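Hi,

Here is the model I promised to pass on.

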Amino acid sequence: MTQKQLIPCVQEQIKALSIYKPPWSAIDRTRFLRFDLNENTLPLPDCVKTALKGWIDADRIPLYPEYADFMPKLAQYVGTASEQLLVTNGSDQAIEVVLRSFLSKGDELLMAQPGFPMFSQIAGVIGAKIKGIPYTSDLRFPRQDFFAAVSSSTKLIVLVNPDNPTGVSISQEVIEEALRQRPELPVLVDEAYFEFTGATSLELLAQYPNLIILRTFSKAFALGGLRLGYIIAHPDLITEFTKVRGPFDVNTCAIAAAEAQLADPAASWRRFPQETMQVSKPYLEAFFKEHQVQYYPSAAHFLLVEPTDRDQAVTYLKEQGILVRPMLAPAIKTTFRMNVGTLAQTQQFTAAYADYLRQQ
Ligand SMILES: Cc1ncc(COP(=O)(O)O)c(C=O)c1O
C-alpha cells in the first residue's frame, strides 16, 4: 500500500489542519538577536551546563527518566504539594493533556482570540471547536462578551494570562468569576509568563478544584530546547492527567537542568525576568513613545509593534541581524511581536529601529 492510499484513512479533522510553521526556516538563529520567539536571550547559566555535563558523564542518558526526586523540589518552588503537579514535555504537552482529558469531537472550548496557536492546533486534532471571543479593538480582555458566550456546549474555558501574542493580562477577579460561574466547568489558566508578571491564580486553587494552571521552564528558566512544562491542579485531576501523558515523556536532561536552576543558591535565573521587565521594556516603550511608533502595552516581556509598513520593518530588522515575529492573525496582521532581552540587546534593537525610521 502506498502512502497515498493511506491518506483517506487519516481522520478528516487532521487532514483539515495546516502544519505549524515557525516564522523562519533554514537559518541559524544563534547568529541573530532572537526577539522573535519570546525566548530567554541570555547564555545558558554555568550551573545548568555543569549539571548536564555531569548527567552525561554519569552515563544517565541510556536510562529512562525518573521524576520522583524532582517533584518535591518543583513543589517547593511552586508552593504546592507534589501531588498537585504533573511535569510535561513543554507546556505544549500540558495543553494537550488538558484538552484531551476534557474534550471530545464536537465539544467546545472557549477562549479569547487571537490566542496561543497550540490551543487551536490541539483542539483541531481532537475535532473540538474553539469558540473564540475577540479581544477588544484596543486589546483588552473582552469580559462581557466572554462570559455571555459560556453555554451548555462549553466544556473548557481557557484563560491565557497574559496572552501570547497580545500580552493582554486578565485580572484575578475575572479569573475567579470564570471559576465561580459553573463549578463543574474546568478553567485552564496558562501562566507561561508567570516569572515575568508575578501574577498567579495559585491561591484560588484551594477554593476552586476546577482550576488548572500551566507553567513552563522555557522562558525565565531558559530551557526552551529541553521541553519542560508542568500542570498545577487538584491531586484527583493530576491522577487523571497522568494517564494521558506518557510515563517517560519528559526527558532526563530537562529534569537535570531544571533541578540545577532551582537549586542555584543565587537564583541567577531571576536576572532575565527582572532586567527585561524593570529595565529593558520600559526603555523600549520610552523609545517607541519618543519616535511615535505605535505599540500595544503588554504584561509580559514581549509586545506587539505596529509599523507603517510591517513587512518592510521586519525585513529591515532581519538584514540587521534581528529577528522579530510578523503576526498572521487577521486582527493583528499589521503588527510584529517582539520580546525584549538584556538592556544592551534591547539597545541594539532600538539603534537598528532608529536607523530604519530615519530611512522612511
Ligand atoms: C502562552 C503560552 N503557553 C504555552 C507556551 C508553550 O511553551 P512551552 O511548550 O515551550 O513550554 C507558550 C510558548 O511560547 C506560550 O506563549
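This is a predicted model: local features need pLDDT of at least 70, side-chain atom pairs count only at pLDDT 80 or more; totals for chains, interfaces and linings use all residues.

Two things on bookkeeping first. Residues are numbered from 1 along each chain, as its sequence is written. Helices (H or I, at least four residues) and strands (E, at least two) are DSSP runs, numbered from the N terminus.

Ligand

The ligand is surrounded by 13 residues, and the closest are Gly90, Ser91, Asn164, Thr216 and Ser218. A residue counts here if its C-beta atom, placed from the backbone, lies within 6 Å of the molecule. Helix 5 (residues 90-102) gives the most to this shell, with three residues. Sorted by class, the shell has eight polar, three nonpolar and two charged residues. For the classes, Ala, Val, Leu, Ile, Met, Phe, Trp, Tyr, Cys and Pro are nonpolar, Asp, Glu, Lys and Arg are charged, and the others, Gly among them, are polar.

Helices

Helix 11 covers residues 252-263, twelve in number, and spans 17 Å from first C-alpha to last, close to the 16 Å expected. That expected span is 1.5 Å times one less than the number of residues. Among the buried residues of helix 11 are Cys253, Ile255 and Gln261. Buried means 20 or more other C-beta atoms within 10 Å of the residue's own, exposed means 12 or fewer, and partly exposed is in between, with C-beta atoms placed from the backbone. Helix 3 (46-57) and helix 4 (70-78) are included in what covers those buried residues.

Ile238 sits in helix 10 (residues 235-244). It is partly exposed because it has 18 C-beta neighbours inside 10 Å. Ile238 is in contact (C-beta atoms, placed from the backbone, within 7 Å) with Glu83, Gln84, Leu85, Leu86, Ile231 and Ala233, leaving aside neighbours within four places in sequence.

Strands

Strand 5 (residues 154-160) is mostly covered, with five of its seven residues buried. Strand 5 pairs in the parallel sense with strand 3 (residues 108-113) over four bridges, where pairing needs at least two DSSP bridges between the strands. Thr154 in strand 5 is the bridge partner of Glu108. Four bridges also join strand 5 to strand 6 (residues 187-190), again parallel, and Val158 stands opposite Leu188 there.

Strand 9 is joined to strand 10 (residues 302-306) by three bridges, and Tyr296 stands opposite Leu304.

Thr334 lies in the loop between strand 12 and strand 13 (336-339). It is partly exposed, with 17 other C-beta atoms within 10 Å. Thr334 touches Glu306 and Arg310, not counting residues up to four places away in sequence.

Cheers

Technical notes. Two residues are in contact if their C-beta atoms, placed from the backbone, lie within 7 Å.
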